[in-house]
Amino acid sequence: MAASSLAFSAGPAASSSSGWCQQPPGFSFDESGKKRFQLNTLCTTPYPPDTPDTPAWADVLVAAKNFVACKGSPIALCYYSGPETSPAGTDPTPCKLREGGAIADCTCFEIPPGSTYFVDINAILNLGVYLETVIACGRDGGECLPAGGKVAPVCEAIRTGTLFPGKQVDLISTFSFALEQKIPIAVQNNACVTEPYTRYAGCMTAPCKRTDVIDSVTGNFLAQCACPTYVGPFQVGTDLAGTPGCQLPDDTVWSAAYSTFGGTFPTVPDCIPDALGANGCPLLSPDPPDIPAPPAQISCNTVCSEYYKSSNKGVQVGFTCDATLCTGAADPDLVAKACAGLDKHGVSEILKLEMAVGKSCAASQICGCQPNKKTNEEIWRLNAAQRSQGIEPQCDQNGTLCGSKPR
């Protein structure tokens with residue numbers, strides 16, 4: 001894993017000026033690259049009251065709508081990272097401090113493309129992308145999904161690889177409910193808010209590198225992320241009972257965030273499309289399903305165009321992903337195969353539709369989009385693969401996305 005670490009290093013402190021936070025852990029590529037990355041050293045979060053504001057890498061949330069929703073890209077999930085021994089029962093996913101402590105190398109889970117994920121608008125580490133997202137979404141994120149009707153510019157920056165330009169970056173660390181059923185999210189006994197505060201890794205929007213290591217419990221590949229650190233109150237995704245506590249030994253720190261109002265995970269809207277567990281939106285039902293009318297603000301022409309353009313070697317992966325993602329998530333390898341290449345194509349209107357109607361893997365059915373022959377045959381194969389593992393595909397649950405038997 002160490003060989004896969006990203007070559008970022010701590011940079012010099014920024015000079016003190018109004019609106020800018022002091023002594024940030026900067027990043028620098030050790031490539032000659034033609035593209036420059038500018039760290040967001042703005043004090044993005046007006047917290048705590050009557051004190052200097054906190055920086056982006058503190059990963060502070062002051063309202064639920066600070067989380068903006070995105071879809072399509074593979075991501076890294078560092079929500080459970082920290083100690084050398086995993087309290088979640090998975091393989092170890094530690095966060096090891098580098099010399100000086102400004103950056104921690106965190107082992108995180110790779111989440112395949114397709115599912116909805118979330119970005120804390122206050123924690124966007126690229127200055128230009130942060131400013132562009134605030135202009136579109138408002139400083140609190142409320143004008144973008146899921147609270148508003150727009151798709152946040154940070155989503156496109158992640159999809160196109162422009163959040164951290166450079167060949168070293170494979171994934172971006174964000175938040176997802178993708179592993180909630182396998183690794184429950186702690187909502188109690190997860191806070192470290194007593195002074196003196198300890199250092200933690202703020203991994204939201206941090207750059208990550210893929211590895212070829214597979215976690216033996218979840219089946220997900222592991223990634224190595226370079227996370228800036230901060231000293232302050234924080235909460236983690238793990239129940240702290242049975243762990244070393246807030247202060248970890250051996251130069252390790254928790255991957256964490258701090259919410260001023262509750263949990264450090266999205267609580268809006270009522271359900272999340274393409275997410276598993278209690279937070280996920282349901283599939284269409286019954287069989288045959290009741291199809292809701294597309295909301296007036298949604299263009300079905302655009303929805304279908306996104307499906308048709310999502311071509312990977314002639315297979316329209318928007319359809320194959322929908323047929324597999326919401327039912328076959330227990331097998332991340334199968335989901336990765338079904339959704340491979342989805343991140344090469346925008347799916348913002350699909351996300352808007354599924355958010356608006358509160359249904360998962362349902363946009364193509366609602367808008368009447370029809371897959372081509374090659375795609376239908378691949379859907380049939382993926383459904384058969386699910387059945388062979390005892391999984392009931394969407395076809396068997398509601399009679400949609402059944403595909404056609406290859407000839």
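In the predicted model, Val-154 touches Val-68, Val-119, Ile-124, Val-129, Thr-133 and Leu-163, residues up to four places away in sequence being left out; contact denotes heavy atoms within 4.5 Å. Val-154 is also one of the four residues, with Val-119, Leu-163 and Phe-175, that touch the most other members of the largest nonpolar core, which has 52 residues. A nonpolar core is here a set of buried Ala, Val, Leu, Ile, Met, Phe, Trp, Tyr and Cys residues joined through side-chain atoms within 4.5 Å. Buried means under 20% relative accessible area, exposed over 50% and partly exposed in between, with a 1.4 Å probe and protein chains only. Two or more residues of this core come from each of strands S2 (67–71), S3 (75–77), S5 (103–111) and S6 (116–120) and of helices H1 (127–137), H2 (153–160) and H6. Helices (H or I, at least four residues) and strands (E, at least two) are DSSP runs numbered from the N terminus. H1 supplies the largest share, six residues. Apart from this core lies another, of 31 residues, including Ala-338, Cys-367, Cys-369 and Leu-401.

Residues are numbered from 1 along each chain as its sequence is written. Local features need pLDDT of at least 70 and side-chain atom pairs count only at pLDDT 80 or more, whereas totals for chains, interfaces and linings use all residues; side-chain values use heavy atoms, with hydrogens and water left out.

Helix H3 (residues 300–309) has Cys-300, Val-303, Cys-304, Glu-306 and Tyr-307 as its buried residues. Viewed down the H3 axis, these residues fall within an arc of 155° and so line one face of the helix, the arc being that of the directions from the helix axis to the C-beta atoms. Asn-301 and Lys-309, on the other side of H3, are exposed. The packing partners of the buried H3 residues are strand S15 (315–316), H4, helix H6 (348–357) and helix H7 (363–367).

The axes of H4 (residues 317–325) and H5 (residues 332–339) come within 7 Å and cross at roughly 160°. Axes are lines fitted to C-alpha atoms, for helices over the stretch in contact, and angles run from 0 to 180 degrees between N-to-C directions. H4 is therefore roughly antiparallel to H5; angles under 35 degrees count as roughly parallel, over 145 as roughly antiparallel, 65 to 115 as roughly perpendicular and the rest as oblique. In this pairing, Val-317, Thr-320, Cys-321, Thr-324 and Leu-325 of H4 meet Leu-334, Val-335, Ala-338 and Cys-339 of H5.

The loop between S3 and strand S4 (95–97) contains Thr-93 and Gly-82. Thr-93 is buried at 2% relative accessibility, and Gly-82 is buried at 0%. Beyond four places in sequence, the contacts of Thr-93 include Gly-82, Thr-107, Phe-109 and Leu-222, while those of Gly-82 include Thr-93, Leu-248 and Trp-254.

The Ser-285 to Pro-286 peptide bond is cis, with omega near -10°, and a cis bond with omega of about 0° joins Asp-287 and Pro-288. Asp-59, in the segment before strand S1 (60–61), has phi near 55° and is buried at 4% relative accessibility.
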